[in-house]
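The sequence and structure are shown first.

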Amino acid sequence: MGLPFWAGVLGAVVSTYFLVRAVTELKKGRPGHAQNAAMIHIVMCALLLPASLIIIAFNL
């Protein structure tokens, strides 16, 4: 378990954090910059989280 494994773990943790924050912001229902940023963060998490899990799986 070298550096790529831990980079994948860090990416998964950061992505999960952003996903949770984005969902809570979207549940507030207030329009504006924060809502737009939350929608972009959900798309970012949809790309980063699977990539991080693939990195973790190949480096076990």
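## Aromatic pairs

Phe5 counts as buried because its relative accessibility is 8%; buried means under 20% relative accessible area, exposed over 50% and partly exposed in between, with a 1.4 Å probe and protein chains only. The ring of Phe5 pairs with that of Trp6: the centres lie 4.9 Å apart and the planes stand at 85 degrees, so the pair is edge-to-face. Rings of Phe, Tyr and Trp (its six-membered ring) pair if their centres lie within 6.5 Å, and planes under 30 degrees apart count as stacked, over 60 as edge-to-face and the rest as tilted.

By this rule there are two aromatic pairs. In the pair of Tyr17 and Phe18, the ring centres are 5.8 Å apart and the planes are at 70 degrees, so this pair is also edge-to-face. Phe18, at 30% relative accessibility, counts as partly exposed.

## Basis of the model

The model is predicted: local features need pLDDT of at least 70, side-chain atom pairs count only at pLDDT 80 or more, and totals for chains, interfaces and linings use all residues. Residues are numbered from 1 along each chain as its sequence is written, and side-chain values use heavy atoms, with hydrogens and water left out.

## Overall architecture

The protein chain holds two helices and zero strands; helices (H or I, at least four residues) and strands (E, at least two) are DSSP runs, numbered from the N terminus. Its C-alpha atoms fill a box of roughly 45 × 15 × 15 Å along the principal axes. Of the 60 residues in the protein chain, 18% are buried.

Glu25 lies in helix α1 and is buried, with a relative accessible area of 15%. Leaving aside residues up to four places away in sequence, Glu25 touches Arg30, Ala34, Gln35 and Ala38, where contact means heavy atoms within 4.5 Å.

Met39 belongs to helix α2, residues 33-58, and is partly exposed at a relative accessible area of 42%. The C-alpha atoms of Met39 and Leu26 are separated by 7.8 Å, although the two residues are 13 residues apart along the chain.
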